[in-house]
Protein chains: 2
Amino acid sequence: MNFFETEKPIGVFDSGIGGLTVVKRLLSTLPNENIVYFGDTARVPYGSKSNETVIEYSLQDAQFLINKNVKLIVVACNTASSVAIPALREKFKVPIIEMIGVGSQAAVKASGNGKIGIIGTRATINNQAYSRAITKINDAIKVYESACPLFVPFAEEGWIDHPATKLVAKEYLSSLKEAGIDTLVLGCTHYPILANTIQEVVGDNVRLIDSGVAAADQVKKEIERMAIGARSSVPGNLDFYVSDLPQKFSEIAELFLGRKISNVHRIDPEVLQTILH
Amino acid sequence: MNFFETEKPIGVFDSGIGGLTVVKRLLSTLPNENIVYFGDTARVPYGSKSNETVIEYSLQDAQFLINKNVKLIVVACNTASSVAIPALREKFKVPIIEMIGVGSQAAVKASGNGKIGIIGTRATINNQAYSRAITKINDAIKVYESACPLFVPFAEEGWIDHPATKLVAKEYLSSLKEAGIDTLVLGCTHYPILANTIQEVVGDNVRLIDSGVAAADQVKKEIERMAIGARSSVPGNLDFYVSDLPQKFSEIAELFLGRKISNVHRIDPEVLQTILH
């Protein structure tokens, strides 16, 4: 065990602001860890891009964090988690925590009737990453999926409980409700922002699974297993890097995290594009 | 006049698929011209990015078209038109047709009561590009603006006349309606796709201005003025280049243009990022 290893930051990357819901969970689970966050706000969204492009961008994002000397990487983007993990684990040696596996485990544990719903971006749903992960844990479980591409723009616009949001949610979720699911995985880091509206539409007897909570628990387990937890007893530093619009990011981050944010830096997308060479 | 000049293609670029509404107008106005279209589908949307980033991407997009030997460039993206035109005109010698000026001219001509509404992405509205252009033509005209960031995802998802689309449109357009506008500029190339819903919400006494129609007319005037119109009497070739998801683009393009599309090629975003060096 290397003393310095313990004080290295945890790296988190996402296609934009959604991964802040994961940072929020990390802050409450592991308050003394230093965190470096990268949000690819110049190239968001990933959910409507090809697998090839998402893998390329994810490798660049991870390399950026590695250059910041992180001890572990959280892929806080479900789209990247669903297509880029093999490429990331092949290239980088640090532990990589992703959203699909941990969210699936939590959902299987929570479900009583073996009927689980999954919602996510079109890319995540098309890749059937969650349904494959859940079937691998227990192939008797029935999985019902629905792509909800309009949820991200509604969340980013802050239309949390507008009547239009509810209409869109009804359109996306009615088939899952009719199928009789008792558990619903919020398979996109933006969706916890719309949790109240989603809960209202699916009804109180459906348990919502926030993969960000599960991911934070997994990070805690992993750093305990490897004995690389911060030894500091004071709150860790938070550093944010984005590829565009740092000011807009600061404002949203303060809303998400409920605290003042000062360390938001802009990285030119051109730097990312050549970071692997 | 150079004979070969006349047979060069017209170049059109947009952040994604929206510029196809302009191509549709060009096909009916100038059916014998060859057209090369570039849609930056790997980096869409531009409307939520910084001016700095939009200018950088626009220069790369235009350089790509110049490398395809175009005789004129149509900036079919309102966001790029609102921030990148000075940089584009400084760097490139071919005529550059943009959306803001032509849309503003058409709106001033159409308005009877001198009250004009403008809708667009947040970037276009924040830059006040349309209001400045209209005031420059006639400073007695009153301009009312509204950013409609959710319209692009609704159009891209094909939710053309869903009740949720109408609720969103009511939220965005009610203040313009109350202000008594008689003309409304669709200041984003995606918006003509939602024209029926927009018309229904603002009422039949409001005239909608499609900047794409005005831009196609301007292209015709410019190539006549410079005597660089195609001499061919057969329909021109259409070539499409996109930075991601050519298959999805083909499907949408066929819907938009009402014809079979075969020439869609993918360009790696990395090529764009280094095209200016």
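Colleague: What covers the buried residues of H10(A)?

Modeller: The model is predicted. Cover for the buried residues of H10(A) comes from both chains, and chain B contributes its own helix H10 (163–178). From chain A, the cover includes strand E5 (115–120), strand E6 (142–147), strand E7 (183–186), helix H9 (151–157) and helix H11 (195–202).

Colleague: Which residues of H10(A) are buried?

Modeller: A residue is buried if 20 or more other C-beta atoms lie within 10 Å of its own. In H10(A), the residues that are buried are A:Ala164, A:Thr165, A:Val168, A:Ala169, A:Leu173 and A:Leu176.

Colleague: How far apart are the end C-alpha atoms of helix H10 of chain A?

Modeller: Helix H10 of chain A has 16 residues, 163–178, and at 1.5 Å a residue it should span 22 Å.

Colleague: Where does H10(A) bend?

Modeller: The bend in H10(A) is about 45°. Its position is A:Tyr172.

Colleague: Which residue with positive phi follows H10(A)?

Modeller: After H10(A) comes a residue whose phi is near 85°. That residue is A:Gly180.

Colleague: Which element gives the most to the side of chain A that touches chain B?

Modeller: Between the chains, 17 residues of chain A are in contact with 17 residues of chain B. On the chain A side, the elements giving two or more residues are H9, H10 and helix H14 (269–273). By class, this side has 9 nonpolar, 3 polar and 5 charged residues. The most, 4 residues, comes from H10(A).

Colleague: Which are the edge strands of the open sheet of 4 strands in chain A?

Modeller: The sheet of chain A has the order E6-E5-E7-E8, with parallel pairing. An edge strand pairs on one side only, and in chain A this holds for E6 and strand E8 (207–210).

Colleague: Which residue of E7(A) is the bridge partner of A:Gly117?

Modeller: E5(A) and E7(A) pair in the parallel sense over 4 bridges. The bridge partner of A:Gly117 in E7(A) is A:Leu184.

Colleague: At about what angle does helix H12 of chain A run to E8(A)?

Modeller: Helix H8 (residues 129–137) of chain A lies across E5, E6 and E7 of chain A, at about 170° to E6(A). Helix H12 (residues 211–225) of chain A lies across E7 and E8 of chain A. The angle of helix H12 to E8(A) is about 50°.

Note on methods: Residues numbered from 1 in each chain as written. Chains lettered and ligands numbered in written order. Predicted model: local features only at pLDDT ≥ 70, side-chain atom pairs only at ≥ 80, totals over all residues. Expected span 1.5 Å × (residues − 1). Bend = angle between axes of the 7 residues up to and from the residue. Buried ≥ 20, exposed ≤ 12 C-beta atoms within 10 Å, placed from the backbone. Contact = placed C-beta atoms within 7 Å. Nonpolar A, V, L, I, M, F, W, Y, C, P; charged D, E, K, R; others polar. Pairing = 2+ DSSP bridges. Axes fitted to C-alpha atoms, helices over the stretch in contact; angles between N-to-C directions.
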